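Please look at the sequence and the fold below before reading on. The paragraphs that follow lead through them one part at a time.

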Amino acid sequence: MQSYKNAGVDVSAGYESVQRIKKHIARTKIQALNSIGGFGGLFDLDVKDMERPVLVSGADGVGTKLKLAFMLNHHESIGIDCVAMCVNDILCSGAKPLFFLDYLALDKNHPDKVESIVKGIAQGCILAGCELLGGETAEMPGLYAQDEYDLAGFCVGIVDAPKILKPENVCMGDALIGLASSGVHSNGFSLVRKILNDRHIDPTAYTLEGRSLGELLLAPTQIYVKPILKLLNQFPVKSIAHITGGGFYENIPRALPKGLKAQIERDCLPNLSIFDFLAREGNISEKEMFGVFNMGIGMVCVVSNAHAQEAIAFLQEQGVVAYLMGQVLEGEGVSLC
């Protein structure tokens with residue numbers, strides 16, 4: 001394979017990468033009928049306890065947060081981000097994730113780097129209670145800059161049709177419960193990077209509350225699957241919004257019916273130093289901050305007001321910090337007060 005290697009593709013490195021990642025994939029095994037190496041992943045679907053099983057799918061990537069991972073040469077947490085962005089999305093339908101597949105494309109296959117990325121993906125799958133069923137690693141010299149890569153993936157989950165969460169379930173007066181984020185998650189990094197570049201800030205040298213800025217920014221996206229699935233079994237949750245790109249203004253209305261709005265109590269939200277830093281250094285208005293970032297809230301659950309405090313206490317028991325952040329009122333969109 002010397003000619004192919006001279007063209008920039010090292011097949012032997014690809015073989016080594018596969019051997020390295022096998023042990024990480026094995027940690028996620030649940031209902032797969034085969035191991036990696038075939039042309040497709042086989043998953044044994046058990047639906048005997050469901051009235052009308054519905055498959056739910058989602059696909060996403062990590063975005064330009066990858067550029068920070070390249071800069072800091074830290075790759076493991078990026079895999080968790082990739083899984084989180086997909087499983088949190090399908091969770092909004094009430095779906096339990098079943099399996100995940102990744103697509104890793106890079107300029108050159110460095111087996112140690114590939115292993116680190118896939119190790120993070122496997123950890124994300126374990127946190128989400130799903131299986132890493134397969135994926136693809138593509139070495140494409142000339143398409144990506146030296147030592148850079150792109151990472152995306154998709155997941156498939158399942159929900160019983162009568163239990164699908166829908167915006168039309170929401171009523172005026174319902175409560176909005178916010179689940180704490182771990183930081184910036186995986187959105188808005190084009191703006192984050194612009195702020196760092198414009199202000200000539202080195203994320204390895206700058207510290208906030210005793211931690212490096214780079215460490216805070218690379219904190220992996222919180223995976224909410226296990227606590228929310230438990231919540232769904234205990235309380236009549238009506239709708240859920242995943243706060244990703246577009247922040248509050250784009251995502252919360254997706255969980256509400258036409259004619260109703262989310263009124264958010266600003267003082268009831270967490271105050272994370274990373275968002276104060278970005279607003280200050282970037283001279284960004286509060287409205288734009290809430291339209292780009294999650295502002296400390298990664299997911300929003302809509303429940304009846306009567307169940308709100310119990311639901312918050314239940315989430316706290318599951319190790320999730322939760323806030324009564326507002327209510328549903330007549331109107332459209334999102335208002336901060």
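Strands β5 and β10 pair in the antiparallel sense over six bridges, where strands (E, at least two residues) and helices (H or I, at least four) are DSSP runs numbered from the N terminus, and two strands pair if DSSP finds at least two bridges between them. Across this pairing, A175 has V303 in β10 as its bridge partner. This is a predicted model, in which local features need pLDDT of at least 70 and side-chain atom pairs count only at pLDDT 80 or more, while totals for chains, interfaces and linings use all residues. Residues are numbered from 1 along each chain as its sequence is written, and side-chain values use heavy atoms, with hydrogens and water left out.

β10 (residues 297–303) also pairs with β8, again in the antiparallel sense, over four bridges. Here H242 is bridged to M299 in β10, and I240 stands opposite C301. Seven of the seven residues of β10 are buried, that is, under 20% relative accessible area with a 1.4 Å probe and protein chains only (exposed is over 50%, partly exposed in between).

These strands belong to an open sheet of six, with mixed pairing and the order β8-β10-β5-β11-β9-β12. β8 (239–242) and β12 (334–336) are at the edges with a single partner strand each, so one side of each has no neighbour in the sheet. From one strand to the next, the twist averages 25 degrees. Helix α12 (residues 308–317) packs on the sheet and touches β5 (175–180), β10 and β11 (322–330), contact meaning heavy atoms within 4.5 Å. The direction of α12 makes about 150 degrees with that of β11; such angles run from 0 to 180 degrees between N-to-C directions, and axes are lines fitted to C-alpha atoms, for helices over the stretch in contact.

UniProt, in an unreviewed entry, lists "domain: PurM-like C-terminal" at residues 173–335. Its positions are given in the numbering used here, feature names are shortened, and annotations may be inferred rather than shown by experiment. Over residues 173–335 the chain is 36% helix and 23% strand, with the end C-alpha atoms 15 Å apart.

Helix α10 (residues 273–282) has S273, I274, F275, F277, L278 and E281 as its buried residues. They pack against α6, β6 (207–208), α7 and α11 (286–292). After α10 comes N283, with a positive phi near 50 degrees.

The unreviewed UniProt entry also gives "domain: PurM-like N-terminal" for residues 54–159. That stretch is 40% helix and 37% strand, and its end C-alpha atoms are 5 Å apart. In helix α3 (residues 65–72), the buried residues are K65, L66, L68, A69 and F70. Their cover includes α4, β4 (149–160), α6 (189–198) and α7 (213–218).

How do α4 and α8 pack, and at what angle? Helix α4 (residues 76–91) and helix α8 (residues 225–234) pack at about 10 degrees, with their axes 10 Å apart. That makes α4 roughly parallel to α8, because angles under 35 degrees count as roughly parallel, over 145 as roughly antiparallel, 65 to 115 as roughly perpendicular and the rest as oblique. In this contact V87, N88 and L91 of α4 meet V225, I228 and L229 of α8. By class there are five nonpolar residues, one polar and no charged; Ala, Val, Leu, Ile, Met, Phe, Trp, Tyr, Cys and Pro count as nonpolar, Asp, Glu, Lys and Arg as charged, and the others, Gly among them, as polar.
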